[in-house]
Amino acid sequence: MESNKSIYCYLYFGGEIIKADDGSINYKGGCTNGICINQGISHAEFVSKASKKVQIDPSSLSFKCTLKFDKSLLQPLDDDDDIYNMVLFNDGFSRVYVFEAHNGGVKQGVIDEQSTSVNVENNHFSSPSSSSQGVNDDNTIQRHEVVSRCIEFEAIPPVSSTLGKAISGSGQIFTNADEFRNALYLTSLAGRFNYKFKRNSLKQMTACCTAGGCPWKITARGVGATKIVRVHTFENKHNHSAQEESSSVPALRPNKAALVIDDMIRANPDYLPRQICEDFERQHGVKLTYNQAWKCKEKAKERIFGLPHNSYKLLPWLCKQLMETNSGTIAEWTSSDKGNFMQLFIAHGFSVHGFLMGCRPIISINSSNLSGPHKGALFSALAYDADDDMFPLAYAIVSSENYYNWFWFLQRLKQLVGEMEVVIISGRHHAIIRSVAEVFGVENHAYCFRHLKEDFSHQLMMGREGKDNALKLLDAVAYARLEIGYNSAMENLRRFDANLAKWVEDNNPEHWAMSKFLKALGQNEY
């Protein structure tokens, strides 16, 4: 049982379910909100939490969801087992559809499974046989934004509570011009229309809908000498032709579009760009490319967690806290004369204690290049416990893989192990070979046989069968425990290919062949 698992539930209500050609379920219109639930929540707790979020009486509500392995079927959520299965069989998030039967129709913006259309202007719902109210003789549609619709239904605006920060009317106050511009963009997303600025300065901003003849308009002005901005006039009404209505799509502004997914990133940091693309198109009619969705996510992460480079300022505090809260922890960092970050080394006290008390005297070191805006390299040190399982010991973040950084890292490892004599296993990077010899001694350095085998494979200019035979001969050379076995294996390799035998002799078998590496005598294989 995954008792600690939690997911984010999208709650859909007030619209209609549409089956796509491929059988998948889409949702049109209505409003959306979300809640986080944990594995083990009861059905009664789920209903209570969801009904509070959508502000609807829970007594007549029913819920259905889709599961990740079959998104074409609606699964009822009628008891504790159904809730448990929804959390168990969905990763990160789930789509939950809210229904409420009310005299064969709907109530408070919740549509039943038989209803197929919603007439928002007249604040009632109709079936396909009902008259198309809201469509006049000149084929225009009078409509309000989705935010206004949700206020009428006493519901919550779509996708994210961030849309609640959209513009609500004249007199509304914003702390600065940027906050007003953000709210204006959220309003256009919620209402699915595009706008343009007629005037855009810190003290006065005027925007109107881009549709020809549409009366929607907003003006905001600065308050005195402060940065505060107040909405002066707000004509919150649209007049679009049918063609404009169907083709109206909000402009894509990645910096501002990221505001919409803030809540989702907080609840689920693993929210995928692919999911962002799907949700944006379904909720707002905006098609994002994968790259645009990725940028939106990165902008949201910056706004929530701060800029990545600012986190370097926390290193002194972080190291201090690690050492104070975990006895025996080694946490060191260095910086340049200009105060720029250079190196960080961390070995947790529990890892150090575990190594000294229960691990074999063998440490494997490796490095990986870091991606992201600041690059760098990650150094790691792993030990081996009594079951031959890997045991994390220490790690470091440095600018690059070079002799200076490897020497600094190995000095901290030497400080960690104290007087204990250990064997270092690594690749054959020239900086590692030099620094290991200086800190631990050349006789304590064993080369990683997997890396050496890859280098050996590059010498094999032959067919598949020949390569397999050559690698088996190399295995025999490496794993021979006695000198006589080593000599016999080398003779077989020499008869197979003299050049390969010479390559082995030239590549320091005393650091990787068991019969040659003195520290391996009496110990298990590395």
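Cys 319 is buried (under 20% relative accessible area; exposed means over 50%, partly exposed in between; 1.4 Å probe, protein chains only), at 2% relative accessibility. The model is predicted: local features need pLDDT of at least 70, side-chain atom pairs count only at pLDDT 80 or more, and totals for chains, interfaces and linings use all residues. Residues are numbered from 1 along each chain as its sequence is written, and side-chain values use heavy atoms, with hydrogens and water left out.

The structure holds zero disulfides (pairs of cysteine sulfur atoms within 2.5 Å). Cys 214 is in no disulfide; its nearest cysteine sulfur, that of Cys 209, lies 3.8 Å away. Cys 214 is buried, with a relative accessible area of 12%.

The whole structure contains 18 salt bridges (a side-chain nitrogen of Lys or Arg within 4 Å of a carboxyl oxygen of Asp or Glu). Asp 279 pairs with Arg 95, with the closest N and O atoms 3.2 Å apart. This pair links distant parts of the chain, 184 residues apart: Asp 279 is in helix α8 (residues 273-284) and Arg 95 in strand β5 (residues 93-100). Helices (H or I, at least four residues) and strands (E, at least two) are DSSP runs, numbered from the N terminus. Both Asp 279 and Arg 95 are buried.

Arg 464 forms a salt bridge with Asp 468, at 3.9 Å between the closest N and O atoms. The two are separated by about one helical turn, because they stand four residues apart in helix α15 (residues 464-479). Arg 464 is exposed at 68% relative accessibility. Asp 468 is partly exposed at 34%.
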